[in-house]
Amino acid sequence: MLVVDVASASADVGATSSRLAKTARIAELLAGAEPGEVAIIVSWLSGELPQRQIGVGWAALKSLPAPATDPSLLVVAVDATFTEIGATSGPGSQGRRAALLADLFGAATDVEQTFLRRLLGDELRQGALLGVMADAVAKAAGVPAPAVRRAAMLGGHLPTVAAVALADGEGALAAFSLQVGRPVGPMLAQTASDVGDALTRLGGTAVFEAKLDGARVQIHRDGTDVSVYTRSLDDVTARLPEVVEATLALPVTSLVADGEAIALRPDNRPHRFQVTASRFGRSADIAAARATQPLSVFFFDVLHLDGVDLLDEPGEARAEALAAVVPDHQRVDRLVASSADDAQAFLERTLAAGHEGVMAKSLTAPYEAGRRGAGWLKVKPVHTLDLVVLAVEWGSGRRTGRLSNIHLGARDPAGGFVMLGKTFKGMTDKMLAWQTERFLGLADGPTDGYVVRVRPEQVVEIAFDGVQGSTRYPGGMALRFARVLRYRDDKRPDEADTLDTVRAFYERE
């Protein structure tokens, strides 16, 4: 299959808000794919590479050759090029990667260049989320959608499930069952506005657990063999010896559990998230890092215990199973509450201890692997800043022809503005239309490039979860999970929040 077919389908999917239309278009594409292409296409349309990371970022994509006139790129060949780029290392590797990218983009048409640039830059936003992709795979393969979703949950990788479904049908999906040692798509949480909202949505009674600002891990033990996976199902066993040792110390033979790895200070308050995250890097000196900054692990759910699958058991039953084998000091703090006052007090104690917030969980819901289930709700305080828009990027997919991703700047008391990141999250269609007209009117230079620089006059209110250190931006900081709340036409740029205000958030964390 030609890459242009995938790129065109991606554009079509992004141009419609109809879930049924998205599903039908992807199914049509998959039905025409060869067996060896299915997993690649599903990965790409899900916004990720089969290779995960290949060392190509936006800096390498700034200067591209002119697009080709006629499409010639094949899906399998481009995937092989990505693999080659990712495997390139050693002296001269940067030049070699650049040459491979130049050859690739030189052979790509305009629509293919747009698609590949977005894919490699982790900016492919077309609304083809997991649920849509699973439904499209089911439609293309002619199998029930629940069978595909269940297989993807337990197999942990929808592209692999898709390839099997299209090649061998529904019967082959039964092979995807919970297996110790094979990572499972983690259950994710929806958001509640506060603890009262969480209690209402969970039927009046819920368990509240401390939401630690660490790194989520999925832990598998089979006898003396332990494997540790990240939320994205990457194997990080060798980088987390403390987690391995803590798991081996448990009185179990086989186990699949959810936990949080976190770096703690001597007073048991958490270090900045980046300290924990640094232990997950490929280049980390594990022995040295462990000596200077050890990790702790806290368990909060169990999916399998000593030969018994617990996925479909209610939350309280899984909690009891976990408590039977994991000591109190290695489990996250929890409180079963039906009173909003009690739940609020628990939230405030958790925040005072330096953690992110709380998770509110149903006592009766099963573990919905790979899904953002209604049985888990996260409650976190929302921080806001009034920042200034410094530039805007042209959108793709359904946002094609509109200015979308905004560059955010804080006011520098010494003069000017300092960029803290960028976001397109929280924007409605109405907002996109408004800001396109607004920022074209504020353009401070050409508007036909990918990034449109604008005069720093528009203030925007941004919600964010925290501030982290960053070498990418000149202020040395970046906002975590920034999203747009509203544009502030009632504020002037000189009334925007300063870099000192942002730094105060950073220091408090």
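Predicted model: local features only at pLDDT ≥ 70, side-chain atom pairs only at ≥ 80, totals over all residues.
- Helix H3, which spans residues 35-45, is mostly covered, since eight of its 11 residues are buried.
- The buried residues of H3 are Glu37, Val38, Ile40, Ile41, Val42, Ser43, Trp44 and Leu45, and they pack against helices H1, H2, H4, H6, H7 and H9.
- Just after H3, Gly47 takes a positive phi of about 85°.
- Gln51 lies in the loop that runs between helix H3 and helix H4 (75-87), and, leaving aside its neighbours within four places in sequence, Gln51 is in contact with Asp79, Phe82 and Thr83.
- With Thr83, the side chain of Gln51 also forms a polar contact of 2.8 Å to the side chain of that residue.

**Packing of helices H5 and H6**

- Helix H5 (residues 93-106) packs with helix H6 (residues 110-120) at an angle of about 145°, and the two axes are 10 Å apart.
- On the H5 side the contact is made by Leu101, Leu104 and Phe105, while H6 contributes Gln113, Leu116, Arg117 and Leu120.
- Sorted by class, the residues in this contact of H5 with H6 are five nonpolar, one polar and one charged.

**Aromatic pairs and a cluster**

- A search of the whole structure finds seven aromatic pairs, and one of them, formed by Tyr367 and Trp376, is edge-to-face, with 5.7 Å from centre to centre and 90° between the planes.
- Both Tyr367 and Trp376 are buried.
- The rings of Trp434 and Tyr487 have their centres 4.9 Å apart and their planes at 40°, so this pair is tilted.
- This second pair links distant parts of the chain, with Trp434 in helix H16 (residues 429-441) and Tyr487 in strand S18 (residues 483-487), 53 residues apart.
- Trp434 counts as partly exposed because its relative accessibility is 33%, whereas Tyr487, at 14% relative accessibility, counts as buried.
- Trp44, Phe82 and Phe115 form one aromatic cluster; Trp44 is also among the buried residues of H3, and Phe82 is among the contacts of Gln51.

**Charges over rings**

- The charged end of Arg272 sits over the ring of Tyr506, at 3.6 Å from the centre of that ring.
- The charged end of Arg480 sits over the ring of Phe273, at 4.8 Å from the ring centre.

Notes:
Residues numbered from 1 in each chain as written. Heavy atoms only, no water. Helix = DSSP H or I, 4+ residues; strand = E, 2+ residues; numbered from the N terminus. Polar contact = N/O pair within 3.5 Å; in protein donor to acceptor, adjacent residues only side chain to side chain. Contact = heavy atoms within 4.5 Å. Axes fitted to C-alpha atoms, helices over the stretch in contact; angles between N-to-C directions. Nonpolar A, V, L, I, M, F, W, Y, C, P; charged D, E, K, R; others polar. Buried < 20%, exposed > 50% of the residue type's maximum accessible area, 1.4 Å probe, protein only. Phe/Tyr/Trp six-rings, centres within 6.5 Å; stacked < 30°, edge-to-face > 60°. Lys NZ or Arg CZ within 6 Å of the ring centre and 35° of its normal.
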